[in-house]
Amino acid sequence: MKRKLSLLLALMMMVTLFAGCNKALQNPDENMNNNNDNKEQGQTSDGKDTNQYLNVYLSAEPSVLDVARFVGVVDRNMFFNVLEPLTRIENGEVVGAGAESWDISDDGLTYTFHLRENYWTDGQKVTAQDYITALQRQCDPNNAFPHVSDYNTIENFVAISSGEADVSTLGASAPDENTLVLKLNAPNVALLSSTDFFPDRADIAEKYGDTLGTEASNMMCCGPYTLESWTHNSQLVLTKNDKYWDADSFDIQKVTMLIIPDSNAQLASLENGSLDYLGVSTPEYVEKFQARDDMDEMMLSSARTSMVIFNCEDSVFSNEKVRQAFSLALDRDALAEVITNGTATPAYSLVPPDCQVGNLNFRENVEEPLTALAKEVDDPKALLIEGMQELGLGDDPSKLTVKFAWGATTAQARTYSELYQQLWQEALGCTVELEFNDSATHQSNVNAGNFQMASMSWGANYEPQFQLSRWSTEVGGQSRWKNADYVSLVTEASQTSDEQKRLELYGQAEELLIREAAIAPVYFMASRRFYYSYVNGLNANTFDTTSFKGVYTSGR
Amino acid sequence: MDSLLTVKNLNVSFNTYAGEVKAVRGVSFDLGVKEALAMVGESGCGKTVTSKAVMRLLSRSGGIIKEGSQIEFMGQDILGLSTRELNRIRGSKMSMIFQDSMTSLNPTMTIGNQIMENIFTHEKTTRQKARERAIELLKLVEIPNPETRLKNYPHQLSGGMRQRVMIAIALALNPSLLIADEPTTALDVTIQAQLMDLLRSLKERFSMSVILVTHDLGVVADFADKVQVMYAGTIVERGTVDEIFDSPRHPYTWALLSSIPGRAQESKSKLYSLQGTPPDLLLPLQQCPFAPRCQYCMPICKKAIPKENFLTDTHGVACWLQHPMAPKVTPPAGIGGYDHE
Amino acid sequence: MAKFILKRILYMLVVLFCVITLTFFLVHSIPGDPITSMVQDLPIETRDLYLQKYGFDQPLIVQYVKFIQQLLTGDLGQSLRYPGRQVVDIVANYAPVSGIIGGIALAIGFAVGILLGIIAALNRNRWPDRLVMVLALLGTTIPTFVFAAVLQYVFTVTVPLFPTTGWGTWGHLVLPVACMCVGPLASYARYMRSSVLDITNQDFILTAEAKGVSSFRIVSRHIFRNSFLPCITMICTSIAGIFSGSFIIESIFAIPGLGKYFISAINDRDYSVVLGLNIIFTGTYILSILVCDILLAIIDPRIRIAEEN
């Protein structure tokens, strides 16, 4: 009897296991695993494959594909694939997308957009009201939208989001279904190049409530691609939206985006062709892929500056000379070489070479401030001693101990930060202690002013405004560097429509920041991408938001 | 006389890290039909190893029966049998019961199943028939409520009952030879007596030969026909039970007999105990093994192994005291019933 | 028996409650908060709104009480890092994935391990024994991530037999399961080996031999049954572990499982997910211990009869 019972139990367990297996293995989307479906591949007359698809790498699981609640850059980049913003950046220039054309009032406070004919995938027309719905939901205090500050130039946006004003006061209106009017509270020349206006469907938002954007079936698309399936923490599949107004410019029919957390697994996937292209930094693999005939290489600038920030409220680093000394003491060539294997460029300024002021390239027109400073100062150590004396700390750097905080706890992190430590200790003769925390704790400490020197990086947008304005906040940014001149320069620049004038103002602001050493820029980050030769048309423009336009495969 | 079991020149060794332990050295004996043989001696004298060798149960403990040994049972050369053939005999023609009944029974199997296992191993029969036989056997060994007991597990029975169950298992197929390895050592005295009574009656009833391995001479007297005294892997004295109890000749036998508590009580003396320890079995036998402990030890004893000398057909002694030139020695007081010569 | 079960269930609930409380206060004591770990630059007003929406501005005790209240209605809360996702749904979606890999790996590790252990024990000190022991040693000492990385490279790049990463077909199961079953396999092999050796030296095996029972039956009925029992204890506690998954394997093979989710949630300071998952894991663990006890009582007659008396 016992025996029969235990046998029955074992049988039940196996059946359950099997059934569970089958169920979990099933996916809402059948073509989930057919990364290489439709093996038969021919070519059309212009040399392109008949079957156009891509397998790409996605760096993380999207938090939520809802324009009013999304958290990170992964989500934002996804919106460019499945939604149609008012404008996109193509070939480094602002072009119309959802909006065919627009008028800006003379005082720069009113923008009138004339919308292009575009449809959601369920057939409904994309209207001006849809763009307004997005803004309304973004400033709704209940949604606790993390990126409120991106839209702070829109009239009453911030006030509504903090609950002080009613949503009806929002500076956005739709005189008719094809016209959208935005009212700003101050001129913002970077509005169209740095701010993304996506449309949102009020009825869909209401239908799904909290679960909006958590599944492929809980959202509506109107962009070049639709989100066909989303297997959380595994992959997303985009299929081409033939109803898209610019569908002819898109050759890729299907994009499978794989989420692969482990770097070895990523490299293995590229190596065996499961991925069509990937950014590679490991030196051994770089060599391996360079040696392959069927792969090509391209350098991508990240438009991101790696830097050391100083806490200007700290007893030691409140002194400018001290900060300058620490900034000048760094051997930027060595750091770029060791930490990034030469992919990064040493930086003697904040704003990376990709940034534009209108049609002018910033970096080409503005000298890097730290180079000039370096010429003026022979010996950073002497400068440090001067600063110490001003602080009443004596004149012996060997008696000075400072802390450098790093936002990672891996073995690599230790090696890299030790290089900084070595450079400072050798050049300045002081003692540098290292502190390691995971990124969340690191951010928290920095934001709370709980540090002396900290490693940090900031990405830039099309115009320098975004990056520079990180230090024009009330507390003086993460460096707690309160400089009224800086703030007024940055603010004025953001409202100056004349490109040349704007460039000068930004230039002056950057000079202040770097000279007074609120930060010590280290290098401009870049990455090396390897792609199979059959992939053509990959975009190397840093700020372009053209989704997969112009990409095609030939000879897969 | 046609003997049931003939053992000739049995040598059993164990390979250990320290070397080869010769546990049994040149043991030979016969056992006839319906005969009860007692093998006595202290721990480590080789009696258990000898009895296990007869059934070839030494492989698990690493015992090796050396070349030149011979064991014949019911006309068959035991040492030449294949495992399969051996398994046919084991449990059905010859059986063995062990000392510790708690550990000798499978704790996760019912009593009934363990008895029936023996039946099913050797006979093709129905479950019903086997069950009936099991109940019969339990009744035979005088266990009350046999039907209930069938479903019990070993830990639900007392020590004495478990030992009876072991007997029931061993007797399931009417073996001709039963080897009992210290069956009463783990039991208290009253149960001991009951069990020996049972064994005796069963032996009569089923015309079995029994080899009783024990270190307790008290148990032997009422049960055995023949006695074999073993020391350090050899037989030092053998004879009928009368011969051994009435006229023992070997100093070791004397020592054993003296240490029976009853005797001490009778002669109102202290409980006798033998000094010293058994010899190291790693070393080869070059002298009388008992010499170091023998109070009658002579120089010759330390130089040569005494040969077994037969006083009668059945009474053999391996001792230099039996040599014509040896001094006459009287056994200690209270031993045996003969007059001092 | 019923009383036995009831008492155990009561203990279970007490332990669960203690674990929940402890986790709650521990998680909230880590520096950092969910919003800072997600978004670098946030105006104070937005942060305040965010904290208000999720109730983080309240004193800890108040948050705790609210949490318990929610819990009693079966609501484990909503993820912070992934807005809109209910913790219960997260568990429902990801747990089966981890469960399948873990379950199959455990089953294989258990079955093969037990078998190897028996083989090793029965061939003591001969080559099968030594081979199994070496394998077991390797299995225990080689770190999972090394093994996984090697397997992944060899079987998806050098000899492309399986998909490198992902989830969905039976092919995706092979490598992760292979990596995961090594640990249990090694443990069970060693454990079973010593258990069998122990049993083999017991007297009742000798009795069986003396009955002329064939060596096959001795192994299958006498040795196996008795040496198997202790292993059941081991497997019961392992069963709970299969749902918590292996962070390393799930990361390397990009498997959407609960293990990776849990660790990431800690890094993201996603309080509700961490708490919710911890409750689930603890509950499953305690439950499996309870089931194990009951199972053992059924299977081992000594325990059952002792309990009945």
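How many residues of domain 1 of chain A are in contact with residues of domain 2 of chain A? In this predicted model, for which local features need pLDDT of at least 70, side-chain atom pairs count only at pLDDT 80 or more, and totals for chains, interfaces and linings use all residues, ten residues of domain 1 are in contact with eleven residues of domain 2, two residues being in contact if their C-beta atoms, placed from the backbone, lie within 7 Å. Residues are numbered from 1 along each chain as its sequence is written, while chains are lettered from A and ligands numbered from 1 in the order in which they are written.

The side of domain 1 of chain A that touches domain 2 comprises five nonpolar, five polar and no charged residues, where Ala, Val, Leu, Ile, Met, Phe, Trp, Tyr, Cys and Pro count as nonpolar, Asp, Glu, Lys and Arg as charged, and the others, Gly among them, as polar. Domain 1 covers residues 73-211 of chain A and domain 2 covers residues 302-526, with bounds that come from an automatic or database domain assignment. Taken over C-alpha atoms, the centres of these two domains are separated by 34 Å.

The pLDDT, the predictor's confidence in each residue on a scale from 0 to 100, averages 90 over chain A, and 92% of the residues score at least 70. Over residues 27-39 of chain A, however, the pLDDT is below 50, although this stretch has 18 contacts in the model beyond near neighbours in sequence. Where pLDDT is low, the predicted coordinates should not be read in detail.

Among the chains, two pairs are in contact, and chains A and C share the most contacts. Chains A and B do not touch, their nearest C-alpha atoms being 13 Å apart. The contact between chains C and B takes 19 residues from chain C and 27 residues from chain B. On the side of chain C, at least two residues each are supplied by α9 (203-210), α10 (215-244) and α14 (301-308), these helices being DSSP runs (H or I, at least four residues) numbered from the N terminus. The most is given by α9(C), with seven residues, and by class the side of chain C that touches chain B has seven nonpolar, seven polar and five charged residues.

Within chain B, residues of α6(B), namely B:Gly160, B:Gln163, B:Arg164 and B:Leu171, meet B:Ile191, B:Gln194, B:Leu195, B:Leu198 and B:Leu202 of α7(B). The residues of this contact divide into five nonpolar, three polar and one charged.
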